[in-house]
2 protein chains.
Amino acid sequence: MPTSYDVARLAGVSQATVSRALSGGSVSAQTRKKILDAAKAVGYVPNMGARAMKTGRVNTIGVVVADLRNPFYPEILDALTCYLDAAGQKVTLWNSDGPGNDAALEAINAGSVDGVIFTTVTEASAPLRAALRRHSPVVLINRTVEGLGCDQVSSDNVAGGRAVADYLLENDHQRIAFIGGPSTASTARDRFLGFSQRLADAGAPLPSERVLEGPFTHDFGFSATTRLLTADHPPTAVFCSNDLIAFGALDAARAERAVVPDDLWIVGYDDIAMSAWPAFDLTTVHQPSGTMAEAGAQALLDRIASPTAPYRTLTFRSHLVVRGSTAGTAPSTP
Amino acid sequence: MPTSYDVARLAGVSQATVSRALSGGSVSAQTRKKILDAAKAVGYVPNMGARAMKTGRVNTIGVVVADLRNPFYPEILDALTCYLDAAGQKVTLWNSDGPGNDAALEAINAGSVDGVIFTTVTEASAPLRAALRRHSPVVLINRTVEGLGCDQVSSDNVAGGRAVADYLLENDHQRIAFIGGPSTASTARDRFLGFSQRLADAGAPLPSERVLEGPFTHDFGFSATTRLLTADHPPTAVFCSNDLIAFGALDAARAERAVVPDDLWIVGYDDIAMSAWPAFDLTTVHQPSGTMAEAGAQALLDRIASPTAPYRTLTFRSHLVVRGSTAGTAPSTP
């Protein structure tokens with residue numbers, strides 16, 4: 001039976017490096033690949049049971065997703081699984097549309113995962129707070145909870161909302177609307193905050209009848225936009241707080257015979273891959289979702305290695321991508 | 001510390017039923033729910049380690065997905081995770097765009113999963129054949145491998161392709177094209193088989209210059225359709241072997257100023273949720289993806305309980321859903 005020493009010999013590294021690489025420790029991507037290739041070539045199967053006894057780790061990471069029908073989450077999950085695979089970690093998946101959140105936290109206690117990545121936390125539940133008091137390794141990506149004692153990775157949603165406001169103001173829009181996701185989600189709140197504050201600062205506050213809040217879905221985008229377009233004084237521009245809502249808005253505009261962008265500008269958020277398809281050609285705020293996922297995965301591996309290190313909050317930049325659903329050039333402010 | 005007897009008392013069932021339900025055995029959905037609710041209420045955490053020793057099971061199912069950017073797979077994954085959650089099973093996820101297939105089979109050997117569900121197998125690899133010789137619990141869903149000794153769940157892709165041919169023939173199309181996925185995928189092969197045979201039987205065989213094969217992507221649908229529309233005698237109808245290819249075809253038609261459906265009919269396959277959005281309004285063959293996923297999950301739980309039972313092949317019916325990307329009424333044959 002091949003051993004980690006056989007792997008080390010073939011990969012041309014020390015056994016300690018093999019051990020570190022296969023337990024998710026810090027080695028370069030190149031070295032990790034060399035080691036994984038060598039392990040495969042010699043047919044080495046790490047003895048997880050023995051290792052778990054020695055390190056107390058099972059080399060398994062829990063991931064909690066929700067709303068897999070929004071392509072944003074499969075994009076995150078794709079990046080997470082590839083990154084964790086390459087780091088020699090297994091992934092246990094929970095769907096929080098079921099009873100996923102608490103189950104994931106219980107799995108840390110039960111020792112069946114080493115830590116958990118949450119992608120859609122909306123509040124600091126009692127089980128989550130209890131887990132953090134026990135220094136359970138937990139990382140939040142995408143959505144965040146202010147003041148929570150754990151590592152958090154997101155993009156700058158306030159700045160993203162602000163950039164959209166600047167863009168619409170510079171292009172002289174007077175009647176502007178906002179279609180937002182649920183205010184329980186930090187992403188929806190922050191995008192609205194940056195957007196509405198900048199408009200208010202410019203002396204053009206959003207009137208309440210042009211602010212609609214609902215789920216992050218195509219259906220809601222469709223119904224909200226229909227409502228806006230059939231009211232007196234319909235808006236000339238609408239900012240949707242994710243791309244799915246914006247796709248619904250585009251469909252509603254077509255149904256109401258409002259020409260995009262001549263009669264109505266539509267802006268989304270996320271820049272999921274299909275936003276660039278000609279069918280949508282959507283102006284939207286780009287989040288580096290793959291990079292965020294990888295940073296979150298690495299943050300969790302770091303946290304497992306150093307349970308009491310200071311918490312980190314990583315906030316990636318976002319930027320506006322101008323396409324055919326609006327007619328103005330890119331804003332002068334970044 | 002609460003025990004399974006406390007759960008049984010609250011749920012009003014026997015301890016044996018609780019034990020069976022929590023190890024993924026056969027109980028009614030209603031009873032399972034009652035037991036899970038009771039377990040939650042009394043704070044019962046099954047002792048997985050002790051149980052694994054007793055039953056040799058870890059109540060964890062491996063799932064191998066690929067191509068998460070095709071919304072068809074997140075739909076399957078969503079249904080799988082919800083079903084397995086409700087059955088008290090954890091899900092370990094592999095992405096076969098990484099080294100997922102072999103890793104999943106090794107995990108059965110290592111005892112870290114009880115069985116594996118594959119969603120995108122394209123061939124019977126040597127490790128897969130070896131696993132089946134050892135009676136490792138493996139189920140294939142969506143894509144199948146003929147003659148392979150394992151449970152397989154799919155929909156009738158041959159009949160689906162045939163139904164599209166009937167529909168186009170009944171509506172007098174003369175110049176018909178096919179844009180297919182990779183012939184390594186059973187789904188792509190079977191859809192082509194049913195479609196092309198029926199056309200040939202009707203005396204209107206597909207000419208080779210109107211059969212294009214490539215990946216199951218929007219990009220390929222776009223480039224293939226552009227090629228078809230810019231050739232002499234462009235087709236009046238194109239059957240795309242999944243919805244993503246058809247979305248690319250719709251975008252290409254728009255770019256080439258071919259009006260859908262006046263100049264060109266476009267038909268897809270899968271009926272993913274967004275096919276019904278007005279932006280696409282796509283005529284397509286509906287597969288019951290959620291039902292297929294649930295049947296596959298249950299087939300694996302049954303297989304784990306009865307490793308040597310006869311293999312089952314479950315083939316669900318599919319049906320054509322007519323929308324705005326074609327102009328004919330539904331076909332008279334089912």
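Me: Where in chain A does A:Pro261 lie?

Reply: A:Pro261 lies in the loop between helix 11 and strand 9 (265-270) of chain A. Helices (H or I, at least four residues) and strands (E, at least two) are DSSP runs, numbered from the N terminus. This is a predicted model, where local features need pLDDT of at least 70, side-chain atom pairs count only at pLDDT 80 or more, and totals for chains, interfaces and linings use all residues. Residues are numbered from 1 along each chain as its sequence is written, chains are lettered from A and ligands numbered from 1 in the order in which they are written, and side-chain values use heavy atoms, with hydrogens and water left out.

Me: Is the peptide bond from A:Val260 to A:Pro261 cis or trans?

Reply: Most residues other than glycine have a negative phi, and most peptide bonds are trans. The bond from A:Val260 to A:Pro261 is cis, with omega near 5°. In chain B, the bond from B:Val260 to B:Pro261 is cis, also with omega near 5°. A:Asn142 has a positive phi, near 75°. A:Asn142 sits in the loop between strand 4 (138-141) and strand 5 (151-155) of chain A.

Me: What rotation superposes chain B on chain A?

Reply: Two copies of a chain are related by a rotation about an axis and a shift along it. Here the rotation is 180°, with 0.1 Å of shift along its axis and an RMSD of 0.1 Å. The two copies are thus related as by a two-fold rotation axis. The superposition is by least squares on the C-alpha atoms of residues with pLDDT of at least 70 in both. B:Thr92 comes closest to the axis of the residues of chain B, at 2.1 Å (C-alpha). The same surface serves both copies: 100% of the contact residues of chain B recur in chain A. Contact means heavy atoms within 4.5 Å.

Me: How many residues does each chain give to the contact?

Reply: The size of an interface is often given as the accessible area lost when the parts come together. Chain B gives 33 residues and chain A gives 33 residues. The buried area (accessible area, 1.4 Å probe, lost on being put together, summed over both parts) is about 3100 Å². Carbon and sulfur atoms give 64% of that area. B:Arg69, B:Leu93 and B:Trp277 supply 18% of the area that chain B buries against chain A, more than any other three residues.

Me: What is the mean pLDDT of chain A?

Reply: pLDDT is the predictor's confidence in each residue, from 0 to 100. The mean for chain A is 89, and 91% of its residues reach 70 or more. Residues 48-53 of chain A fall below 50. Beyond near neighbours in sequence, that stretch has nine contacts in the model.

Notes. Buried area is the accessible area (1.4 Å probe) that two parts lose on being put together, summed over both.
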